[in-house]
Amino acid sequence: MPTGGLTDMLAATVGQPAWRPYAAWDDGELVAGGNLFLHGEAASLNAAATATGHRGLGAQSALIAARARAAAEAGCRWLFAETGKPAPGQQNPSLNNMRRAGLVPLYERRNWVWRAAS
C-alpha cells in the first residue's frame with residue numbers, strides 16, 4: 001500500500017501504548033490501513049488510506065467501525081477525526097465514510113503549509 005509512507009507510519013506505532021494500527025487485507029495483500037490514537041477519554045481516527053485498486057469496496061468503513069469499537073472498549077467518550085473539506089462540486093470519500101459511520105463535522109479550520117524560504 002504505497003500511500004505516502006502510511007505503511008511505515010503504521011508499522012512504527014506497533015507496540016506504542018497509545019497507538020493501535022489497523023489494516024485491511026485482500027488475500028495476504030495489505031490494501032488499507034488506519035491508526036487509532038487513545039488519550040484518556042478521547043480517541044482519534046488518525047491517518048488512513050486505501051490502495052487505489054481497492055477503493056470503494058468498504059475497507060475504510062470497516063476500519064472506521066473497528067477503531068470506533070476499540071475506542072469505546074477502551075473507555076473513550078469522544079471520538080474524532082480530521083479530513084479535508086471537498087472543493088465546491090467535489091466529494092471527499094474520507095468525509096463521506098466518516099459521516100456514514102455517524103461522525104458529524106463540528107468545525108472547519110485552515111490548513112497551513114510550511115515552505116522553505118527560496
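Author: Let's start with L103: setting aside neighbours within four places in sequence, L103 is in contact with L45, L79, F80, A81 and M98 (contact means heavy atoms within 4.5 Å). Before going on, a word on the ground rules. This is a predicted model, where local features need pLDDT of at least 70, side-chain atom pairs count only at pLDDT 80 or more, and totals for chains, interfaces and linings use all residues. Residues are numbered from 1 along each chain as its sequence is written, and side-chain values use heavy atoms, with hydrogens and water left out.

Now, L103 belongs to the largest nonpolar core, which has 10 residues in all: L36, L38, A43, L45, I64, A70, A71, C76, M98 and L103. A nonpolar core is a set of buried Ala, Val, Leu, Ile, Met, Phe, Trp, Tyr and Cys residues joined through side-chain atoms within 4.5 Å, and buried means under 20% relative accessible area (1.4 Å probe, protein chains only). Two or more residues each come from β2 (29-39), β3 (42-50) and α2 (59-73); α2 gives the largest share, three residues. These helices (H or I, at least four residues) and strands (E, at least two) are DSSP runs, numbered from the N terminus. There's also a second, separate core of five residues, including A24, A32, A59 and L63.

What about β3? It runs parallel to strand β4 (residues 78-81), joined by four bridges (strands pair if DSSP finds at least two bridges between them). S44, for one, has F80 in β4 as its bridge partner.

Methods. Buried means under 20% relative accessible area, exposed over 50%, partly exposed in between (1.4 Å probe, protein chains only).
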